[in-house]
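Student: Could you take me through this model? I would like to begin with its pockets.

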Amino acid sequence: MSKRLRISVPTALAVGLLPLLAACGGSSDTAGTNSGSGSGSGANAANDTTTNADGAVQLTVPDGVDDETKKRYITENTIAACMKKAGFSYTPYVATADGDDALVGIEGEDYAAAKKSRAKYGYGNYAATVYPNDPKAPFGNAGGRQGGKVLDPVDNDEKGLTPAQQKAYSEALSGPPSPSKAREELGGCELEGSVAVNGPALSRDEAKKAWDAKVEENRANGLELNGDAQLVQLAQEFAACLKGQGIPVGTTQPTGMADMVRLDQHVSENHFSLTKEEALPLLTKEIGISLKDLECGKKFRAAYFPKLKAHPYWGDNA
């Protein structure tokens, strides 16, 4: 069974779904947090565990993690405690990036790491085919790992359950099936995990108002970024450099520039079914383009990403 909260979703999706699934209220910094033995730092300590008084496995939140990562730990711990009360085992897990995570090459925010990644993987469209046994190849699945991350750790939470027990487990975890196939809503212990970090669920009217406010905030942030004189100037220089390298430029809006070249690549839908021999020249070409993109946009990205953090924006060309 897929445990839907194992993996953090892209920011745009999270912002889009959050008002419909849970409140936009403040997070609880204490729910699910455990400071018991087994704590540590670094990647090896990312999923250290203790147990609570009820015997539920709890992750120890590593020191120094950002708020969003901390929320993922609290969510998983809350689900585990909730499932234990329902009579089931649930092994909490938070996927964490390796220090040499190949996915850093996709957006290029970290110039040095992106240069190292792109020199081997390009944008990642063909890397998994050319390097099928490389666990760090973006979008690959070597040894059950993808892009350097364990996506769905093997656990024995449902081992030996009868079909009836599996159905009960699923409903305890996610709630009963939604009456509408067009809308999937959180339920069960997953809802409890969401409430622990986001607050009580909103009514539909409240959710619409919250979403409308998010959309307006996003629009204002996009206008702020696209009207920033420094970013506009650097975007023009970025575009001129790309044109000098023979790379087409589809936009000079700052909000569209960071990913423009990558997203403009024509990648066939069946590229994962290519043979290694077919994918190798395509990867070689992509590596060349991705490195030119990285070099041309070095100054732009260095200025853009800090400002994007201050004015979060999803979409293109606000």
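Tutor: Let me begin with terms: helices (DSSP runs of H or I, at least four residues) and strands (runs of E, at least two) are numbered from the N terminus. A pocket is found on a 1 Å grid over the protein atoms alone, as an open set of points where a 1.4 Å probe fits, with protein on both sides within 12 Å along at least five of seven lines; its lining residues have an atom within 4 Å of a point. The model is predicted, so local features need pLDDT of at least 70 and side-chain atom pairs pLDDT 80 or more, while totals for chains, interfaces and linings use all residues. Residues are numbered from 1 along each chain as its sequence is written, and side-chain values use heavy atoms, without hydrogens and water.

Student: Which helix gives the most to the lining of the second largest pocket?

Tutor: That is helix H11, residues 276-296, which contributes six residues. The lining has 15 residues in total, and those nearest the centre are Asp264, Gln265, His266, Lys285 and Ile289.

Student: What classes of residue make up that lining?

Tutor: Seven are nonpolar, four are polar and four are charged. Here Ala, Val, Leu, Ile, Met, Phe, Trp, Tyr, Cys and Pro count as nonpolar, Asp, Glu, Lys and Arg as charged, and the others, Gly among them, as polar.

Student: Now the whole chain, please. How many helices and strands does it have?

Tutor: The protein chain has twelve helices and four strands. Of its 318 residues, 39% count as buried, where buried means under 20% relative accessible area, exposed over 50%, and partly exposed in between (1.4 Å probe, protein chains only). Taking contacts (heavy atoms within 4.5 Å) between residues at least 6 apart in sequence, 66% join residues at least 24 apart.

Student: What span should helix H2 have?

Tutor: H2 covers residues 67-85, which is 19 residues, and at 1.5 Å a residue it should span 27 Å. The expected span is 1.5 Å times one less than the number of residues. The end C-alpha atoms of H2 are 27 Å apart, so the model agrees with the expectation.

Student: Against what do the buried residues of H2 pack?

Tutor: They pack against strand S2 (57-59), helix H6 (163-174) and helix H7 (188-198). Among the buried residues of H2 are Thr69, Tyr73, Ile74 and Met83. After H2 comes glycine 87, with a positive phi near 95°.

Student: Which residues of H7 are buried?

Tutor: Cys189, Glu190, Gly193, Ser194, Ala196, Val197 and Asn198 are buried in H7. Valine 195 also belongs to H7, but it counts as partly exposed because its relative accessibility is 31%. Leaving aside neighbours within four places in sequence, valine 195 is in contact with Pro200 and Ala201. The C-alpha atoms of valine 195 and threonine 75 are 8.5 Å apart, although 120 residues separate them along the chain. H7 is followed by glycine 199, whose phi is positive, near 90°.

Student: Let us change topic. How many residues of H10 are buried?

Tutor: H10 (residues 254-263) is mostly covered, with eight of its ten residues buried. These are Pro254, Thr255, Gly256, Met257, Ala258, Asp259, Met260 and Val261. Their cover includes helix H3 (104-107), helix H8 (204-226), helix H9 (229-244), H11 and helix H12 (298-310).

Student: Since you mention H9, is its lysine 243 buried or exposed?

Tutor: Lysine 243 sits in helix H9 and is exposed, with a relative accessible area of 56%. Its C-alpha atom is 9.8 Å from that of cysteine 296, which is 53 residues away in sequence.
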